[in-house]
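My plan is to look things up piece by piece and jot down what I find.

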Amino acid sequence: MIQDIKSLYPEELVSIAREMGGKDFQGKQLFQWLHQKQVDSYEAMTNLSKAMRRQLEKDYPLLVLQPESTQISALDGTRKYLYAMEDGQKVESVWMQYQHGDSVCISSQAGCRMGCRFCASAIGGLVRNLTAGEMLEQVYAAGREAGRRVSHTVVMGTGEPLDNYSQLVRFVRILSHEQGMNMSQRNITVSTCGIVPQIYELTKEKLQITLALSLHGATDEKRQALMPIAKKYSLAEVMEACDFYFQNTGRRITYEYSLIGGVNDTDEDAAQLAGLLRRRNCHLNLIPVNPVEERDFQPPVGKDADKFKIKLEKYGINVTIRREMGRDIDGACGQLRRRFSAQREAEREK
């Protein structure tokens, strides 16, 4: 497989420059062209020799994503993009505009093997991991399409980021590199459904990112009914790992809780959730579940989500309801990719 040049650290690009007869500084210039200036061709790298540019084009084809499909929300301007990778795999990313800046939610895998019952991403399972460069290019492409600088990145699209651990860490380090896009690590959020060993490994990286745990239930029984990974790692193990992360990085954990009407939004659920989080320095983000055609789950009706939030606040929990973005444009992770695949399958059967 051809190596993805956008996945390489500056020192690795220096080695490539040396192999091509160039100088160390040219490897660093190459990194800046790729990640700071984000050019779409080697020809644009005008301070590199023509011979080096031709060799780079031959040995390291440049991935530049163009959306195959774009949906723009009439409700809030959210944009959802479907991109095709070089092997034809489709991935989604979402550009969202907030008062604090423009945010992009990216995918870390093509498909997902975690199997969460309410999620469209898991339908069809995992196809492959994305490279760090493929993840970065989703951020860069969204900025190009919107014509605005991306200030925040959320790795919460299709896939389980910690199931693609080494490429995720490369992605974070390159995105935040001072010679690249230089995005603050504090503006990068990584979501996980709770792969315990990787949470400990991530702690050792000493990054300043925000870790978001997909909780979705306050007991092992409730989590296991919704998330197969919960059968491998108990809630106690997951919470201990999250506590370790906070204690060693100083970065407060965000707990994500998909609110599913009649499933995890009862008075008992609120009390159990408060008991789990009350003594922890954390933030709870309630997310009314996006309906998915292949799933039966629905969000709470009427004001039930607000009522659930008020109950938690009375317990002293720091909680918000996530602003719903792009519900009219296949807002849930994996919906657009899934619909595109279904259309292709139908066309082949004709």
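**Ground rules.** I take helices (H or I, at least four residues) and strands (E, at least two) as DSSP runs, numbered from the N terminus. The model is predicted, so I keep to its cut-offs: local features need pLDDT of at least 70, side-chain atom pairs count only at pLDDT 80 or more, and totals for chains, interfaces and linings use all residues. Residues are numbered from 1 along each chain as its sequence is written, and side-chain values use heavy atoms, with hydrogens and water left out.

**Entry 1: Phe 297.** I started in the loop between strand 11 (282-288) and helix 10, where Phe 297 is found. Is Phe 297 buried or exposed? At 12% relative accessibility Phe 297 counts as buried; buried means under 20% relative accessible area, exposed over 50%, and partly exposed in between (1.4 Å probe, protein chains only). Next I listed what Phe 297 touches, where contact means heavy atoms within 4.5 Å. Not counting residues up to four places away in sequence, I got Arg 117, Phe 118, Leu 226, Ile 260, Val 263, Val 289 and Pro 291. Arg 117 is 180 residues from Phe 297 along the chain, and their C-alpha atoms are separated by 8.8 Å.

**Entry 2: helix 2.** I checked the length of helix 2 (residues 24-35). The expected span is 1.5 Å times one less than the number of residues. I then noted the buried residues of helix 2, among them Leu 30, Phe 31, Trp 33 and Leu 34. What do the buried residues of helix 2 pack against? I found helix 1 (10-19), helix 3 (50-59), helix 4 (132-146) and helix 5 (165-175).

**Entry 3: two positive phi values.** Gln 38 is not a glycine, yet its phi is positive, about 55°. I placed Gln 38 in the loop between helix 2 and helix 3, and Gln 38 is buried at a relative accessible area of 19%. His 216 also has a positive phi, near 65°. His 216 sits in the loop between strand 9 (210-214) and helix 7 (220-226), and is buried at 5% relative accessibility.

**Entry 4: helix 4 and helix 5.** Their axes (lines fitted to C-alpha atoms, for helices over the stretch in contact, with angles from 0 to 180 degrees between N-to-C directions) come within 8 Å and cross at roughly 45°. That makes helix 4 oblique to helix 5; under 35 degrees counts as roughly parallel, over 145 as roughly antiparallel, 65 to 115 as roughly perpendicular, and the rest as oblique. On the helix 4 side I wrote down Ala 132, Met 135, Leu 136, Val 139 and Tyr 140, which meet residues of helix 5 including Leu 168, Arg 170 and Phe 171.

**Entry 5: Arg 170.** I went back to Arg 170 in helix 5, and Arg 170 is buried, with a relative accessible area of 18%. Which residues is Arg 170 in contact with, leaving aside its neighbours within four places in sequence? I noted Ser 7, Leu 8, Tyr 9, Glu 12 and Ala 132.

**Entry 6: helix 9 and helix 10.** Last, I looked at helix 9 (residues 267-277) and helix 10 (residues 304-314), which pack at about 40° with axes 9 Å apart. This pair is therefore oblique.
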